[in-house]
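Subject: Structure handover

Hello,

Here is the structure I said I would pass on. Please open it next to this message and follow along.

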Amino acid sequence: MILEVRKLQVNYGSVRVLHGIDLAVRQGEIVCILGANGAGKSTTLNTLCGLVRPSSGEILYNGKPIHRLPAFRIVEQKITQAPEGRRIFGTLTVQENLDLGAFTAKNRDRLKSSLEWIFELFPRLAERRSQLAGTLSGGEQQMLAIGRALMSNPRLLLLDEPSLGLAPVLARQIFRTIREINASGVTVILVEQNARIALKLADRGYVMELGKIVMEDSASALLENPDVVQAYLGGGKGK
Ligand code: ATP
């Protein structure tokens with residue numbers, strides 16, 4: 001297992017929002033986390049990358065506890081969360097935003113090859129490397145956010161709603177790219193409102209409700225599960 005989460009609890013002030021979450025992710029998998037607004041998906045990702053502290057429970061990464069490490073130490077261990085597309089630095093260029101993602105990298109040659117790889121994954125970013133990020137379209141900003149996360153050369157990539165606000169054609173492009181990133185050896189945890197597309201991409205999925213995991217199965221089984229279909233896949237077979 002690359003990641004094991006055991007009985008994770010998180011409180012915001014006096015309100016408990018995660019009630020003992022268990023997750024297990026194998027090296028090389030794409031695992032998706034589904035759930036309604038407020039179920040605790042973003043809190044889970046933020047706790048994995050050290051932005052939120054658990055009140056109890058454990059997070060083991062390659063068998064070692066990381067839940068007490070500060071966020072920058074977790075990035076050094078090669079766990080990176082891509083921020084939402086809106087969280088890029090709009091007054092900096094595309095290139096400058098990417099450079100910022102590389103703050104933990106020490107080796108210049110490796111940095112150059114990361115950059116080349118990101119421009120291969122997202123040719124649009126290469127075309128616009130000198131453009132101010134704030135002038136990019138929503139889809140391009142999302143690409144930049146993922147590209148910036150990849151500059152730290154993660155082994156485990158956390159993605160929170162990468163298709164949020166994107167037209168379907170752009171969302172499909174982002175998902176194709178996530179598959180390519182995964183094929184290069186990066187394990188992915190994906191939080192996504194678009195349950196159908198997420199389950200088609202993922203190996204396995206978890207369903208969260210009110211701060212608890214209520215279901216866990218292979219993505220193909222979840223796609224066929226009547227409760228999942230009813231609650232998250234619009235009740236029909238869809239497209
Ligand atoms: P969404 O898709 O809407 O982001 P989510 O499943 O990611 O939903 P979280 O954002 O993790 O859910 O929120 C879980 C619960 O914690 C919600 O009830 C939310 O209102 C609450 N919450 C989130 N952030 C904070 C915060 N900083 N302070 C207090 N409560 C918070």
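A polar contact is a pair of N or O atoms within 3.5 Å; within protein, one of the two must be able to donate a hydrogen and the other to accept it, and residues adjacent in sequence count only if both atoms are side-chain atoms. The model is predicted, with local features needing pLDDT of at least 70 and side-chain atom pairs counting only at pLDDT 80 or more, while totals for chains, interfaces and linings use all residues. Residues are numbered from 1 along each chain as its sequence is written, and side-chain values use heavy atoms, with hydrogens and water left out.

At threonine 43, a side-chain N or O atom is 2.5 Å from a ligand oxygen. Asparagine 37 places a polar side-chain atom 3.3 Å from an oxygen atom of the ligand. On its own the ligand has 630 Å² of accessible area, and the protein covers 54% of this (Shrake-Rupley method, 1.4 Å probe; for residues, only the protein chains shown count as cover).

Helix H1

Helices (H or I, at least four residues) and strands (E, at least two) are DSSP runs, numbered from the N terminus. Of the 8 residues of H1, 6 are buried, where buried means under 20% relative accessible area, exposed over 50%, and partly exposed in between (1.4 Å probe, protein chains only). The buried ones are Lys41, Thr43, Thr44, Leu45, Thr47 and Leu48. Just after H1, glycine 50 has a positive phi of about 85°.

The largest pocket

How much space lies in the largest pocket? The volume is about 560 Å³. Of the 21 lining residues, Cys49, Leu51, Gln81, Ala82 and Pro83 are the closest to the centre of the pocket. A pocket is found on a 1 Å grid over the protein atoms alone, as an open set of points where a 1.4 Å probe fits, with protein on both sides within 12 Å along at least five of seven lines; lining residues have an atom within 4 Å of a point. Points are joined across faces, edges and corners, and the volume is the space filled by probe spheres set on them.

H1 (41-48), H2 (71-76), E6 (79-82) and H6 (138-150) each supply at least two lining residues. The largest share, 3 residues, is from strand E6. The lining has 10 nonpolar, 6 polar and 5 charged residues.

Two loop residues

Lysine 78, in the loop between H2 and E6, has a positive phi of about 80° although it is not a glycine. Lysine 78 is partly exposed, at 23% relative accessible area. Asparagine 153 sits in the loop between H6 and strand E7 (156-160). Its phi, near 55°, is also positive, and asparagine 153 is partly exposed at 26% relative accessibility.

Regards

Notes. Ala, Val, Leu, Ile, Met, Phe, Trp, Tyr, Cys and Pro count as nonpolar, Asp, Glu, Lys and Arg as charged, and the others, Gly among them, as polar.
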